[in-house]
Amino acid sequence: MDHLSAWIIFAPIFGALIVWFLPDALARHSHLVAAAISGFIACVGAFALCEFNPSVSDLQSVVDWPWLDSWGVHFYVGLDSENIGLVAMTLILTPLLFLCAPILQPRAEPSEIAMSCGFLLLMESGALGTFLSQDLFLFYVFWELILIPAYLMLGMYGTGERARSGLVFFLYTFVGSLAMLFSILYLMAAQTDLTGVPSSALSDLAEIRMNGKAEVWLFWAIGLAFFVKAPLFPFHGWLRGAYKDAPLMLTIYMAAIMSKMGAYGIGKVLLPLFPNAAMQYAPVLLWASAIGLVYGALLAYNQKDLKSLLACASLSHINALLMGLFSLKAMGHSAALFQMLSHGFLIFGLFLVCGVLQKRDESLAWENLGGLAKFLPMTAISFFVFSLGSMGLPGTNGFVGEFLILLASFDAAPWTGVIAAFGVVLSAAYMLRAYQLSMLGPVSAHGEISEQLGYSVKAIFIMLILFTIGFGIFPQTLLRVVGG
Amino acid sequence: MHTITYLTPTDWHYLMPIITMCASSLLALLFSAQKGRLHTLSFVFLAIGSLIALRQIYFCHGAHSIMNGLLQFDPLSQRFSTIILIALIGSAALSWDAVRRERLLNENFALLGFAAVGMMLMVSTRDLFMLYVGLEISSLSIYCLVGSSRHKPASAEAALKYFILGGAASAFFLFGTSLYYGATGSTAFSGFGALWENIQADDLPLLPRFAILFLLAGFLFKLGSFPLHFWIPDVYTGAPISVSAFMISGVKAAAVGALLRFATEILGTHRLLTGVFGHVLALGVLGSLLIGAFLGLKQSSVKRLLAYSTIVHSGFILLGIFGGALATSIRVLDVVSSYALFYVVMNLAAFAVISILAKPDTDDLQLSEIAGLAKSRPELAFMFAVAMISMAGLPQTAGFVAKFQVLALGIAHGHAVLAAIALAANVLAIVYYLRPIYHMYALPTPEGAEYEKGMPLALLVGAVTAVFVLVLGIFPLWV
C-alpha cells in the first residue's frame with residue numbers, strides 16, 4: 001500500500017493500452033472494459049484516500065523516487081488537503097464517464113469508442129499526476145501529457161470546425177505551458193544557485209527569494225499557463241470552439257477535470273511560490289475573474305444551443321471559483337476547493353443531460369428541443385436539480401461554495417463581491433432559460449421521444465442528485481477534508 | 001632528425017573502432033562490385049562491423065590521446081561515435097530495400113561506411129587538420145550518396161548544390177586552419193592556449209579572430225544553422241530517403257561533436273564566448289530557430305518539413321553548446337550528447353515511416369498522401385506520430401528531455417532571452433509538427449491509396465526507434 005499514489009497515476013496508462021489492444025470479442029464493449037479498469041483503479045485509490053487524515057498538515061501517501069538526478073527532479077507525489085478532493089473527483093468521474101459512453105456518443109463505432117476511452121484514460125493519468133505531484137517539473141510533465149490525447153480526440157471525433165478549434169485549443173494551451181516551462185527552468189536554476197543542490201520540489205522552490213522584477217515576470221509566465229487552462233476571463237478564447245466542437249465525452253472531461261487543473265495550479269503553485277507578486281496582482285486578477293463571471297453569464301444567456309450555453313456557464317462558474325482563490329483569504333481558498341468539486345459533479349450531470357437530449361437533436365439547438373419534460377421525466381428532474389445547484393440555490397452544494405466565495409471576495413474587494421452577486425442572479429436567468437427552452441413549453445415539431453436510459457445512467461443521475469443536495473445540507477463533511 | 005612514433009597497444013585498443021569500420025566498409029565495397037544478391041552481404045558486413053565497433057567503443061574507458069591530440073579518444077568521442085554508428089546502422093537498414101530494388105547504387109553501403117569513418121575521425125580529434133581530413137572523407141562520400149538516385153534529376157541537382165556549397169564551406173574551413181596555423185604555429189587545439197591564455201575576446205588580434213570566424217563558418221555550414229542553412233531544404237529533399245536520414249542524423253551528430261569540442265576547448269576555456277564570437281553564435285541560434293520555425297509552416301512535402309525542423313533543432317543544439325561551453329564540460333557534454341542521441345533516434349523513426357510510404361518515382365511523401373493513415377496502417381501512423389510529438393518537445397518523450405536540458409543549460413548560464421525565443425519558436429514549429437498528425441488521424445483515407453508492402457527492415461527500424469523515443473523519455477541515457 002506504500003506506493004499507492006504512484007500506482008493510481010500509472011495504472012490508467014496501462015488501462016489505455018489494454019483498451020486499445022482488446023481482442024475483437026471484447027472490442028464492442030470497450031467502454032465497459034474501460035469503466036471496469038477505471039472503477040478498479042478508483043477502488044484501489046479509495047484505500048489511500050480513506051487513510052487520509054485531515055488534521056495532519058503534512059503530505060500523506062508520499063512516493064519519492066529519484067528520476068532525473070542531475071537536474072534534481074524526483075517523482076515526488078503525495079496527498080494533501082488541497083488535492084485529495086480533486087483526486088477523488090477524477091477517480092470517481094472517469095468510470096462514470098465510461099459507463100455513460102453509449103449515451104454520450106450514440107453514433108460512434110466501437111473502434112471510435114475504444115480509441116476515445118483509451119485517450120480519456122491517458123488524460124485521467126495526466127490529471128491524477130498533475131493533482132498529486134509535489135515536484136514542479138513532474139507537475140509540468142503530467143500537465144502536458146493531456147494535450148495530445150485531447151487534441152487527437154477533438155480532431156478525430158469532433159464536429160463542426162474541429163480542425164480549427166483543436167488547433168486554437170492546442171496553441172493557446174501550449175503557449176501557456178511553454179511559458180510555464182521557462183519559469184520552471186528559471187526557478188530550478190535559481191534553486192541550484194541558492195543551495196548548490198538542484199531540486200525541483202515545490203517545497204524547495206518556495207524557499208527561493210528572488211528580486212521583484214524577476215518574480216513578477218515569472219508570476220505572469222507560470223500564471224499564463226493556468227489562466228489559459230482554467231480559463232480566466234481574457235484568456236478564454238479557445239473555450240467556446242473547443243467545448244462546442246469536441247465530442248461530448250471530451251467536453252465533459254474538459255469542463256469537469258481539465259479546468260480544475262488550471263484552478264488547482266493557481267492555488268498550489270502560483271500563489272504560494274510568488275507571494276509578493278501575488279499580493280500585488282491579486283486585485284487585478286480578482287477583477288478579471290469577476291468580469292469573467294458576468295461575461296460568461298451574459299454569453300450563456302445569448303447562446304442558441306444547450307451545449308454552448310453549458311460551456312459558457314462553465315466559464316462563468318470557473319471564474320467564480322477563481323475569485324475565491326484570488327481573494328487570498330483562507331476561507332476563499334477552501335471555498336474554491338469545495339466549489340471545484342461541486343462544479344465538477346454538477347457539470348458532469350448537466351452534460352449528461354445533454355447527452356440524453358442528443359437523441360432528439362445532435363446540435364441541441366433550442367428550436368429542436370422543447371417540452372421534453374413530458375417524455376423524459378427522470379432527465380427533467382435531474383436537469384432541474386443540477387440547474388438549481390448551478391444557480392446556487394440554498395440547499396445545494398453550489399450554494400455553499402458560492403456563498404463562501406462571495407464572502408471572501410467582499411472581504412478582499414467589496415465591489416467584486418457586488419459584481420459576483422449580480423453574476424449569481426444572471427446564472428439563475430440563463431439556467432432557468434435553458435431549462436424552460438428545453439424541458440418546458442410546447443413540444444417541438446420533432447414529436448415524441450422515449451426515455452431509454454440504462455440502469456447505469458439512472459443510477460448516476462440519482463447519485464449526482466444525492467451529492468448535490470446532500471452536500472448542500474451537510475457541507476461540513478466535505479469542507480472538513482477539503483481545504484483543511 | 002625525426003623520431004619515429006610507434007603506436008602502443010593501448011593506442012591500437014582505442015583505434016580499433018575506426019579500424020573496424022574501415023575494414024567493414026572495404027568488405028562492403030568488395031561485395032558491391034557484382035550484381036545479384038551480394039548487396040545483402042554488403043549490408044551484413046557493414047552492420048556486423050558497426051556492431052563490433054560499438055562493442056569496442058563500449059570497452060574504451062577514460063581518455064587517451066594519440067600523438068598529442070591528433071587523435072583524442074574521450075567520453076565525447078565515444079558518445080558521438082556511438083551516435084554516428086547508430087545513425088549508420090539505421091540508415092543502412094533503411095537503404096537496404098532501395099538497393100535491393102536497384103534504386104540506389106550497389107556501393108551505397110560502402111559509401112555509408114566510409115562516411116561514418118570520416119565522421120568518427122571528426123569527433124575524435126583535437127587537431128584541425130585531422131578534423132578536415134575526417135570532414136572531407138565523410139563529405140565526399142555523402143556527395144556521391146546524395147546523387148546516387150540515378151533516375152531522379154532532383155537527386156543530381158541536390159548533389160551538385162551540396163558539392164559546390166560544401167566545397168566552399170570546406171574551403172572556408174581550410175582557410176581558417178591556415179590562418180590558425182599562421183597565428184599559433186600549429187594546427188592543434190592546444191596551440192591556442194599556449195599563446196592566448198587569458199585574453200579577452202575583444203583584445204584578440206585580427207589573425208586568430210578571423211581564423212576562428214572562418215572555422216566557425218565551416219562548422220555552422222555542416223551543422224545547418226543560420227546563416228549557412230540554405231542548402232538544407234533542397235539537398236535533403238533531393239537526396240534519396242536513406243541518405244537524407246543519414247545526413248540528418250549522422251552528419252549532424254558529427255558536426256555537433258566537432259563543434260562542441262572546438263567550442264569548449266578553444267572558445268569556452270579561454271572565455272571567448274563574448275564579443276564577436278558570442279554574437280555569431282547567438283545569431284546562429286536565433287536565426288536557425290526563427291527561420292526553421294517560420295519557413296516550415298507552409299510545407300506540404302514531409303521531407304522538406306523535416307528539413308526545416310532540423311534547422312530548428314540546429315538552433316537548439318547551438319543554444320546548448322553556446323550556453324554550456326563555459327560550464328563544466330561534463331554537464332554540457334551530457335546535455336549535447338543526449339540531445340544528439342535522442343535527435344538521431346527521433347529522425348530515424350520519422351524517416352523509417354517515410355521510406356515505407358514514399359512513392360518510388362518522387363522519393364518523397366506529400367501530406368495529402370498520409371491522410372487517414374491511422375486507419376489503414378495504424379502502426380506506421382503511431383511511429384510517425386511519436387516522432388512528431390518528440391520533435392515538438394512534448395512530454396514525455398525523448399525530444400522533451402533533450403529540449404528542456406538545453407533550455408535549462410541556457411537559462412542557467414545567462415541566456416534566458418535566447419531560451420525564451422527558443423520556446424516561442426517551438427510554439428510555431430509545433431504547428432507544422434501537428435499537421436501530419438492531424439492528417440494521419442483525423443482525415444479520412446483517400447480512395448485508392450496503396451502503400452508498398454514488404455519492407456521489413458524499415459519497419460523494424462521504425463518500431464525500435466519509436467519505442468526508444470518513448471522509453472528514453474522516461475529513462476533517459478547520458479543525462
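A residue is called buried when its relative accessible area is under 20%, exposed when that area is over 50%, and partly exposed in between, with a 1.4 Å probe and protein chains only. This is a predicted model, in which local features need pLDDT of at least 70 and side-chain atom pairs count only at pLDDT 80 or more, whereas totals for chains, interfaces and linings use all residues. Residues are numbered from 1 along each chain as its sequence is written, chains are lettered from A and ligands numbered from 1 in the order in which they are written, and side-chain values use heavy atoms, with hydrogens and water left out.

Chain B may be taken first. Its secondary structure comes to 18 helices and 2 strands, where helices (H or I, at least four residues) and strands (E, at least two) are DSSP runs numbered from the N terminus. The C-alpha trace of chain B spans about 70 × 55 × 40 Å along its principal axes, and buried residues make up 65% of the 479 residues. Where contact means heavy atoms within 4.5 Å, 80% of the contacts in chain B between residues at least 6 apart in sequence join residues at least 24 apart.

Side chains of opposite charge can pair when their charged atoms come close. Glu265(B) counts as partly exposed because its relative accessibility is 23%.

Another salt bridge brings together the side chains of Asp234(B) and Arg304(B), at 3.1 Å from N to O. Asp234(B) is in helix α9 (residues 231–238) and Arg304(B) in helix α12 (residues 302–324), 70 residues apart. Asp234(B), with a relative accessible area of 27%, is partly exposed, and so is Arg304(B), at 23%. Both belong to a network of salt bridges that also includes Glu157(B) and Lys161(B). In the salt bridge between Arg377(B) and Glu379(B), the closest N and O atoms are 3.4 Å apart; here Arg377(B) is buried, at 13%, while Glu379(B) is partly exposed, at 35%.

What does the interface consist of? In it, 28 residues of chain A are in contact with 32 residues of chain B. The two chains bury about 2800 Å² between them, 82% of it on carbon and sulfur atoms, buried area being the accessible area (1.4 Å probe) that two parts lose on being put together, summed over both. In chain A, Trp71(A), Phe182(A) and Leu185(A) lose the most area to chain B, together 22% of what that side buries. Across this interface the rule finds 0 salt bridges.

Notes. A salt bridge is a side-chain nitrogen of Lys or Arg within 4 Å of a carboxyl oxygen of Asp or Glu.
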